[in-house]
Amino acid sequence: MKDPIKGFSKLSKAAKLEWLVTNNFEDAEAARTVLTAYWHEDEALQKRHDEFIENTMSNFYMPYGVAPNFKINGKLYTVPMAIEESSVVAAAAKSAAFWMTRGGFKTEVLGTEKIGHVHFMYTGDASALKEDFSSLEQELLQATAELTANMVARGGGITSIKLIDATDRLEDYYQLEVTFETCDSMGANFINSNLEEMAKCLENFTDNHERLDANSLEVVMRILSNYTPRCIVRAGVSCPVEELASEGVSATEFARKFKRAIAIANAEPYRATTHNKGIMNGIDGVIIATGNDFRAVEAACHTHASRSGSYKSLTGCSVENGVFTFWIEIPLSLGVVGGLTKLHPLVVKSLEMLGNPGAEELMGIVAVSGLAQNFAALRALVTTGIQKGHMKMHLMNILTQLEASSEEKIHIANYFKDKVPHHREVVNYFCELRGVPVPKVGQ
Ligand code: HMG
């Protein structure tokens, strides 16, 4: 059992590292070597990364790949992706190339408003609060006028304030539900600052209003919601069914099976979870590469997938009059200013690679990446099976784990060119090539 440490956050980076390696590893020197090996030699750049979070000890590398040939609304993009899973970038690139020659992807932003709440309890008679809501609303707008001035100048700000009686869900529970337009920023800090000001204003309002009782009010929280059903984007592709023949499966058969695969995801949450995980493969990679918050996007998408009361597919498909149409509609609250967007050098380059899009254009690109990924996965699933392509891409990871030399890697990749490289078969072949016994399971 380790001894607890107090005041760790106040130590210097060197002292934190010393404590970390001596108290948490069997071989302190080996741990120190690995952790410091990932420090950037440019000290200023390393300091910048250190300051992104707290107690930074090292940098955690993720591969940064690109998928070219994404034709979106007639414009060609090369899409950056930061992701650790093999075959995601290849799948995105393959889908992009496929749809590039079939009209490309079309996107439409259906809304850009974000929502935040002041969650409060009121145990008194709330009728005066409801009746005098319009004067409360004016006071809330006045109280936040200074905070919103710059956003208003950009065309955004507060777009609505509602008093919600949520006592049917929780005793004495009310909300101020506020919608915001945050332009090119994700807007979390802006929204939270406004909500905190509004909470103070609400407290003053009940204090100064003779029909209300300040002692009956308890503001519990003031926070944005990461569910953004009014900040939503749609992306789609469409082509004649006859252009869909794939991997020895006829075009009609492919369209039928593909549509059925989505129907299964809509009917079965076990499948929908994996189906949507594949979509998030495409989404998260771009979100991370562009310095956005993948946890917020994940949470919003999964809530959206459950909006009917049962967890379903985020994509849809129709086959009508010989035309195959495939789409995604998801909430995406993204920023191209603020956060890491100007601080992380690779984020700056990602945005430049995409032509420095505004937040709405980025919403379209991200949705397309999710759709492309789902297309690739379903195409593989309803034809060859996922393992053929996925394991082909994963082969190098297996060989690296086996500490194969460059020559062995080339030789083995060649051998598995026309075979599915299942893990055990790769190990067997590698051992045969080296002339060593195959390790027993668990070795
Ligand atoms: P393939 O047809 O064997 O590849 O596909 P290819 O060698 O013929 O190349 C065709 C194109 O694919 C290339 O064109 C690239 O665009 C791309 P080119 O650049 O030559 O003009 N491509 C690559 N790009 C970069 N590096 C590479 C590479 N190889 C091909 N090394 C592929 C192979 C993996 C693309 C295909 O089998 C595929 O799309 N499979 C689906 C893979 C997938 O979905 N992976 C996600 C991880 S699995 C998962 O977590 C999700 C899942 O469970 C979700 C679900 O169940 O719904 C599946």
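**Figure 1. Helix α10 in the shell around the ligand.** Helix α10 gives the largest share of the shell around the ligand, six residues. The model shown is predicted. Helix α10 spans 269–289 and is one of the helices that each supply at least two shell residues; the others are α4 (88–100), α13 (359–382) and α14 (386–401).

**Figure 2. Residues surrounding the ligand.** The ligand is surrounded by 21 residues. Ser-87, Lys-94, Arg-271, Lys-277 and Lys-392 are the closest of these. By residue class, the shell consists of nine nonpolar, seven polar and five charged residues.

**Figure 3. Polar side-chain atoms at the ligand.** Ser-87 places a polar side-chain atom 2.7 Å from a nitrogen atom of the ligand. For Lys-277, a side-chain N or O atom is 2.9 Å from a ligand oxygen. For Glu-85, a polar side-chain atom lies 3.1 Å from a ligand oxygen. On its own the ligand has 1100 Å² of accessible area, and the protein covers 63% of this.

Figure 4. The ligand sits in the second largest pocket. Domain 2 and domain 4 both contribute residues to the shell, so the ligand lies between these two domains. Domain 2 is made up of two segments, 64–109 and 231–384, while domain 4 covers 389–434.

**Figure 5. Domains of the protein.** The protein is divided into domain 1 (8–50), domain 2 (64–109 + 231–384), domain 3 (113–224) and domain 4 (389–434). The C-alpha centres of domain 1 and domain 2 are 38 Å apart. Domain 2 also takes part in the shell around the ligand, together with domain 4.

Technical notes. Residues numbered from 1 in each chain as written. Predicted model: local features only at pLDDT ≥ 70, side-chain atom pairs only at ≥ 80, totals over all residues. Heavy atoms only, no water. Near = heavy atom within 4 Å. Polar contact = N/O pair within 3.5 Å; in protein donor to acceptor, adjacent residues only side chain to side chain. Areas by Shrake-Rupley, 256 points an atom, 1.4 Å probe, with all protein chains shown as cover. 1 Å grid on protein atoms, 1.4 Å probe; cavity = no way out; pocket = protein on both sides within 12 Å on 5 of 7 lines; lining within 4 Å. Sits in = over half its atoms within 2 Å of the grid points. Helix = DSSP H or I, 4+ residues; strand = E, 2+ residues; numbered from the N terminus. Nonpolar A, V, L, I, M, F, W, Y, C, P; charged D, E, K, R; others polar. Domains from an automatic or database assignment.
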